[in-house]
Number of protein chains: 2
Amino acid sequence: MSDTRETLLKIAGKAFSKYGFSKTSMDDIAKTARKAKGSLYYHFESKDTLFKEVVAAELKFLKEELTVIFQQENTNSCEVLRDYMLKRMLILKASINYQETLRPEFYEFYEFLNDVKTEMDAWEMDQIEHLLNKGLASGELELPGSIRVYAEVLVMLLKGLETPFFLQGEYDRLEAHFDNLIAVISKGISK
Amino acid sequence: MSDTRETLLKIAGKAFSKYGFSKTSMDDIAKTARKAKGSLYYHFESKDTLFKEVVAAELKFLKEELTVIFQQENTNSCEVLRDYMLKRMLILKASINYQETLRPEFYEFYEFLNDVKTEMDAWEMDQIEHLLNKGLASGELELPGSIRVYAEVLVMLLKGLETPFFLQGEYDRLEAHFDNLIAVISKGISK
DNA sequence: TATTTGACTAATAAACTAAAAAAGTCAAAA
DNA sequence: TTTTGACTTTTTTAGTTTATTAGTCAAATA
């Protein structure tokens with residue numbers, strides 16, 4: 001990936017997170033990057049795909065950070081799960097453009113984001129499924145029924161908290177209690 | 001409460017749920033009720049408050065149904081919690097006007113709904129808090145930290161699922177996993 | 001060849017206007 | 001006490017113009 005493209009992506013990300021998707025014009029981005037607008041279109045197909053890539057980059061960063069967590073060895077599954085949940089919330093807290101996609105107006109108008117989100121969900125579920133299986137194998141966990149479904153449920157739970165945490169600004173108030181919530185879930189899946 | 005008022009409320013509720021708030025005119029409602037528009041204004045202050053009362057009625061019904069659940073005696077807390085969560089989602093699935101208030105345009109323009117919602121939230125949290133305390137007292141449950149916060153988080157979680165369930169039409173797909181979510185939570189809070 | 005440019009067109013949004021529809025009022029009537 | 005419908009006021013809608021923005025492309029540059 002070219003350096004310019006990388007730069008444009010960063011500048012676009014900053015602009016979008018500052019002014020929001022619709023209030024950010026391609027001209028704004030080009031001007032900030034000291035490039036002509038045509039260059040933007042040389043590197044990116046459209047404003048939509050540019051935004052999509054910005055969000056994808058935020059999720060890629062999230063993925064990288066979470067990968068580190070999931071790769072912890074000699075750590076029991078519940079601790080990994082705890083670290084995962086905390087890290088996930090912490091990073092999404094800073095992922096302003098991802099947060100904008102949580103707004104209901106994005107459901108209606110920008111379904112082009114669905115595949116990015118769907119892929120992330122699938123990845124998370126895979127990771128969690130693997131983690132749960134490890135926990136089962138080591139005898140640490142006990143889960144009746146489909147492991148996949150538990151992975152799905154956990155992702156569903158975290159996504160369910162995204163709106164109140166990020167859009168309704170309850171993050172700071174509830175952060176302190178998040179540990180307790182995680183404790184409940186840990187216990188819920190433990191032997 | 002007068003009979004007419006009651007009738008108007010019902011007719012308004014049907015009209016709003018069929019055409020949505022903005023596409024339903026007071027004339028429509030009056031005509032369906034075979035009354036003059038002035039009568040509507042005799043019974044209701046404004047279109048806004050009429051809609052508010054319609055939503056309030058849906059939430060009142062929800063409250064009544066949930067009260068039955070919470071009043072179950074000789075039933076352990078986890079079962080009550082399970083019944084509560086399922087019933088809540090089932091009733092809201094049919095509460096079309098409440099669902100409309102989840103749309104973003106309602107956040108911006110009709111904050112007059114906040115007190116109705118806030119009151120419902122507080123009521124739910126009180127009920128859950130009470131339920132959890134009962135479970136603690138009977139030795140059935142075990143929860144470190146603030147009980148109130150658990151109640152808050154549960155309500156928050158359920159509210160967080162409202163958008164995907166109702167606005168994104170994921171209800172049918174996610175319904176199947178809802179039981180598992182409840183199972184994890186139940187076990188997580190049990191002794 | 002890969003990238004950049006900026007004038008260009010096409011599409012969208014914003015700013016107005018007039019007309020229509022809807023909200024809300026009220027004196028008289030039931 | 002409740003209802004009525006003509007009435008006034010406010011808000012939407014539809015149509016038009018203007019301005020902004022998205023997106024294109026032939027030519028220039030490195």
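Me: Which residues come nearest to DNA strand D?
Reply: In this predicted model, 17 residues lie around DNA strand D. A residue counts as near a strand if its C-beta atom, placed from the backbone, lies within 6 Å of it. Those that come nearest to DNA strand D are A:Ser25, A:Met26, A:Gly38, A:Lys47 and B:Gly38.

Me: Which element gives the most residues to the surface near DNA strand D?
Reply: Helix H2 (26–32), H3 and helix H4 (47–70) of chain A, together with H3 of chain B, each supply at least two residues of the surface near DNA strand D. By class, that surface has four nonpolar, seven polar and six charged residues. With four residues, the element that gives the most is H3(B).

Me: Which element gives the most residues to the surface near DNA strand C?
Reply: Around DNA strand C there are 17 residues, of which A:Gly38, B:Ser25, B:Met26, B:Gly38 and B:Lys47 come nearest. Two or more residues each come from helix H3 (37–43) of chain A and from helix H2 (26–32), helix H3 (37–43) and helix H4 (47–70) of chain B. The surface near DNA strand C divides into four nonpolar, seven polar and six charged residues. The element that gives the most to it, with four residues, is H3(A).

Me: How are the two copies, chain A and chain B, related?
Reply: Chain A can be laid on chain B with an RMSD of 0.5 Å.

Me: Which element gives the most to the side of chain A that touches chain B?
Reply: The contact between the chains brings together 25 residues of chain A and 24 residues of chain B. On the side of chain A, helix H7 (104–109), helix H9 (147–167) and helix H10 (171–189) each supply at least two residues. With eleven residues, the element that gives the most is H9(A).

Me: How many residues on the side of chain A that touches chain B are nonpolar?
Reply: The same surface serves both copies, as 72% of the contact residues of chain A recur in chain B. On the side of chain A that touches chain B, six residues are polar and five are charged. The number of nonpolar residues there is 14.

Me: Is H9(A) roughly parallel or roughly perpendicular to H9(B)?
Reply: H9(A) and helix H9 (residues 147–167) of chain B pack with their axes 7 Å apart. The angle between them is about 90°, and angles of 65 to 115 degrees count as roughly perpendicular. H9(A) is therefore, relative to H9(B), roughly perpendicular.

Me: Which residues of H9(B) make the contact with H9(A)?
Reply: By class, the contact of H9(A) with H9(B) has six nonpolar, four polar and two charged residues. From H9(A) come A:Leu157, A:Gly160, A:Leu161, A:Glu162, A:Thr163 and A:Pro164. From H9(B) come B:Met156, B:Leu157, B:Lys159, B:Gly160, B:Leu161 and B:Thr163.

Me: What percentage of the residues in chain A is buried?
Reply: The secondary structure of chain A comes to ten helices and zero strands, and its C-alpha trace spans about 60 × 35 × 25 Å along the principal axes. A residue counts as buried if 20 or more other C-beta atoms lie within 10 Å of its own. Of the 191 residues in chain A, the buried share is 30%.

Me: Is A:Arg34 buried or exposed?
Reply: A:Arg34 lies in the loop between H2 and H3 of chain A. Its phi is near 55°, a positive value in a residue other than glycine. Because A:Arg34 has 9 C-beta neighbours inside 10 Å, its class is exposed.

Me: Is B:Asn74 buried or exposed?
Reply: B:Asn74 is placed in the loop between H4 and helix H5 (77–94) of chain B. Phi of B:Asn74, a residue other than glycine, has a positive value near 55°. With 4 other C-beta atoms within 10 Å, B:Asn74 is exposed.

Me: With which residues is A:Glu170 in contact, leaving aside its neighbours within four places in sequence?
Reply: A:Glu170 is found in the loop between H9 and H10 of chain A. It is partly exposed, with 16 other C-beta atoms within 10 Å. Leaving aside the neighbours within four places in sequence, A:Glu170 is in contact with A:Pro164 and A:Phe165.

Conventions
Residues numbered from 1 in each chain as written. Chains lettered and ligands numbered in written order. Predicted model: local features only at pLDDT ≥ 70, side-chain atom pairs only at ≥ 80, totals over all residues. Nonpolar A, V, L, I, M, F, W, Y, C, P; charged D, E, K, R; others polar. Contact = placed C-beta atoms within 7 Å. Least-squares fit on C-alpha atoms with pLDDT ≥ 70 in both. Axes fitted to C-alpha atoms, helices over the stretch in contact; angles between N-to-C directions. Parallel < 35°, antiparallel > 145°, perpendicular 65-115°, else oblique. Buried ≥ 20, exposed ≤ 12 C-beta atoms within 10 Å, placed from the backbone.
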